[in-house]
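Visitor: Please pick a single part of this structure and take a close look at it, after placing it in the whole chain.

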Amino acid sequence: MKKLHYLLLLLLGVSLQLQAKVTDRKTLFDEGWRFHLGKAANAESVTYDDASWRMIDLPHDWSIEPLENQEPDKVVGPFSRESAGGFATGQTVGGEGWYRKSFILAPEDAGKRHELYFEGVYNQSEVWVNGQKVHENVYGYTSFRIDITPYCKSAGQTNVVAVKAVNEGKNSRWYAGSGIYRHVWLIRTSMSHIEDWGTFIRTTSIANDAADIALTTRLVNQEATEGKYAVRIALLSPKGKAVSKAEKDIRIAAGDTLEADFALQVSHPMLWSVDTPNLYTLRISLWKGDNKQDEYTCPFGIRTLNFSVEKGFELNGVPMKLKGGCVHHDNGLLGAKAFDRAEERKIELLKQGGFNAVRTSHNPMSESFLNVCDRLGMLVVNEAFDQWKVKKNPQDYHLYFEKWSARDIRSLVLRDRNHPSVIMWSIGNEIRERAYDSGEAIAAQLKKEVRKYDTTRPVTAGVNKQWDKGHTKMLSLEKAYRHLDVVGHNYMWRFYEDIHKEYPNQVMYGSESVATEAAQNWDKVEKHPYVMGDFIWTAMDYLGESGLGNSLEIDPQENVHQFMGWPWYNAWCGDLDLLGIKKPQSYYRDILWHRRAISMAVEAPIAEGKIRKVSFWGWPEESLSWTFPGMEGKELNVNIYTRASRVRLYLNGEQIAEAETNDLYKATFKVTYQPGTLKAVALDEGKEEEAVTLRTVGEPVALRLVADRTKLQADGQDLSHILIEQVDKDGNVVLTPGRKIEISSEGDSGSIIGSGTAAPNDMPSFQTLTPTLFGGRAMVIVRAGKEKGKLTVRVKADGLKSDAITLKSK
């Protein structure tokens, strides 16, 4: 009879795949949602007919999906000239969207507590369970949890969750995405349980080859009677061995909660650092007699933090400089969809690029983002807000700050305080009222809220210069600084020494800087211990703030603008492009960070009568290439970057120039172009040392597919990022743009969910299977299937040899 009931539900379109898996404490709740874009009257009702709605799996972002009624130069892919956000949100469209999902509680779960955990829904959201409204949230980056136990039906009966997400008006300065763009989880516990966000573990000291650990855990008794419990603690080493244990007997009154404190010690601790991100596991179990009521596990790292003007930032007692990058939350071709693998790849790329710290600009990130930072060793400045009570856009968070900011700070700190990667809490970025009494009062209150839940990390903010209303003089920032333990300065490297004289106890860092001033910023970091690091805007290209980093060939009388309108959609100011490829400015940063001895790039030629103007956030249009067909006999600007005092230049084996480098570690030569080999050599007291070479490549003859992974987990969540390159006969990438390609796939497991190029303004090549190569490259992203199988991705173009690659899901 039970089997027949399940079969009938399946025929009615209710997804049971997940229900069969609901046996663990925390289960992914991403599969089998139905989605409708637009308003839907009474869609929260249990009896609402959603059969016509599209079936999707989370994470989901409707703003990245191609729009209906495509029209050249008006509606292209996900872009529209009618976008409410315009250049700020990359010409994308928000609106209202609805999600519905049915689920059944298993018989063995009768009498248990059930909680839905949403990592993020953009922007304003409302949640109903079986027609009853159970929650609302206004800040699209805040994670929230809902105890749905009182609203669930008996085991074996169908429950319906409905979610409305609204992203309307001008509410963001960058691309935010729309909908349930992060994971949703179903958490099952007994009525006596461990509160997930009620656990706080921290290292209090490391001395004499031992680490002292303080632990607080919050325990809840939702039973009808008082309970006697035993709380058992185990710390497991990175190798899984128990290295410390504790136990405590407690009583909890009916309907009450209790916080239990433990002092633990670990001998010969394996410390967490950016180079050795060792992770221990905390295991807490709650027992009632011989019955285990609940068990909660949490990874953590043993490490200490210290901040001082004498030594700057110290991790485990060792001074280190923060090689930082600001990052937005989107994942390029995926939009805002926070797939675990996409978040992981982002941090992998930044680690490879030399970064050891990120600033979450300007909002909380996904849990998977922070998990990866823990696992790979990336420090995090965890930022909460981009505005307080004074608006930056008409419909932004300022409308909700008064009522919601304390709740949102609580969510951020409770969720993230056990992550060893998190080193500071940032309460805001370039806050409009920062220099006034009102801003000083708000900062004090926000710091107080942070301190309720964590006293182990400093409070910071990104502070920039502030002018008076007439823009005639700079205002004092004393009130902006007053409640900050560590101060982040945006674009203020020129004032570091003056600030230090006025505030000698201030520990500071560059919370935002631009690539063209990278040397000046990093010189200050290396010179002054009280300047503990610098964060580039940005580490990686992102959607929105369109054309912020533009570098344009224009008439001499024209001016560049901070942002670009249609058809720009990408900020184009990152060290890495939208595909994750290093841009020329990142090679310059390698020189500053002592990661390479010399680098060389060639400026793009400029048409006669034109000049090139670069925005404040931009970089001259360079390429690591010596292939300029049609420029034979004409001069090109060659830029060499090195810390060496002199450089020597060779063309086709013949020395053609030698010069000193300037204070920015740069030497520029005018070189008459001829194909062949261009070689730059760093000189040390006249002796040739490290060298870098650029060679002319051949004509493109083939396309090449390179996947970051070919074996995927058949979980419907894993990803493969496949880079498409046009290459010459020797396998060299040919950067020539303009070639249109065609992408296709076939197989029984997996699907293409993203494709396009890194171009900042080629809308027809975004989210299409027929993009035009940009810099000789494109990318296709494949989502794993849910069953074992294969997917073959093919790419072809007129006049080039095609290529194919097969991915396996298992």
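**A covered helix and its setting**

Guide: Residues 1-23 have a pLDDT that stays under 50, and the model gives this stretch 30 contacts beyond four places in sequence. Here pLDDT is the predictor's confidence in each residue, on a scale from 0 to 100, and a contact means heavy atoms within 4.5 Å. The model is predicted, with residues numbered from 1 along each chain as its sequence is written; local features need pLDDT of at least 70, and side-chain atom pairs count only at pLDDT 80 or more. Over the chain the average pLDDT is 95, and 97% of the residues score at least 70.

The whole chain comes before the part. Its secondary structure comes to 9 helices and 49 strands; these are DSSP runs numbered from the N terminus, helices being H or I over at least four residues and strands being E over at least two. The C-alpha trace spans about 90 × 60 × 55 Å along its principal axes. A compact globule of 810 residues would have a radius of gyration near 28 Å, and the 28 Å of this chain agrees with that. That radius is taken over C-alpha atoms, and the globule rule is 2.2 Å times the number of residues to the power 0.38.

Of the 810 residues, 59% count as buried, a label for those under 20% relative accessible area; over 50% is exposed, and in between is partly exposed (1.4 Å probe, protein chains only). The accessible surface comes to about 32500 Å², with 48% belonging to carbon and sulfur atoms. Such areas come from the Shrake-Rupley method with a 1.4 Å probe, and for residues only the protein chains shown count as cover. Among contacts between residues at least 6 apart in sequence, 71% join residues at least 24 apart.

An α-helix has 3.6 residues a turn, so residues three or four places apart point the same way. Just after α3, G377 takes a positive phi of about 85°.

C373 counts as buried because its relative accessibility is 0%. Leaving aside residues up to four places away in sequence, C373 touches W272, I347, V358, M378, V380 and S421. Its C-alpha is 8.7 Å from that of P420, a residue 47 places apart from C373 in sequence.

In α8 the buried residues are A518, A519, Q520, N521, W522, K524 and V525. Their cover includes the strands β24 (322-327), β30 (507-513) and β31, together with the helices α7 (496-502) and α9.

A cis peptide bond, with omega about -5°, joins W537 and T538; T538 lies in the loop between β31 (531-536) and β32 (551-554). Another cis peptide bond joins W566 and P567, with omega about 5°, and P567 is placed in the loop between β32 and α9 (584-592).

N316, in the loop between β22 (312-315) and β23 (318-319), has a phi of about 60°. Q767 has a phi near 55° and sits in the loop between β46 (751-756) and β47 (777-783). Q767 is buried because its relative accessible area is 15%.

A607 lies in the loop between β33 (598-603) and β34 (611-614) and is partly exposed, with a relative accessible area of 38%. D798, in the loop between β48 (789-797) and β49 (800-809), is exposed at 73%. From D798 to A702 the C-alpha distance is 9.9 Å, at a sequence separation of 96 residues.

Methods:
Side-chain values use heavy atoms; hydrogens and water are left out.
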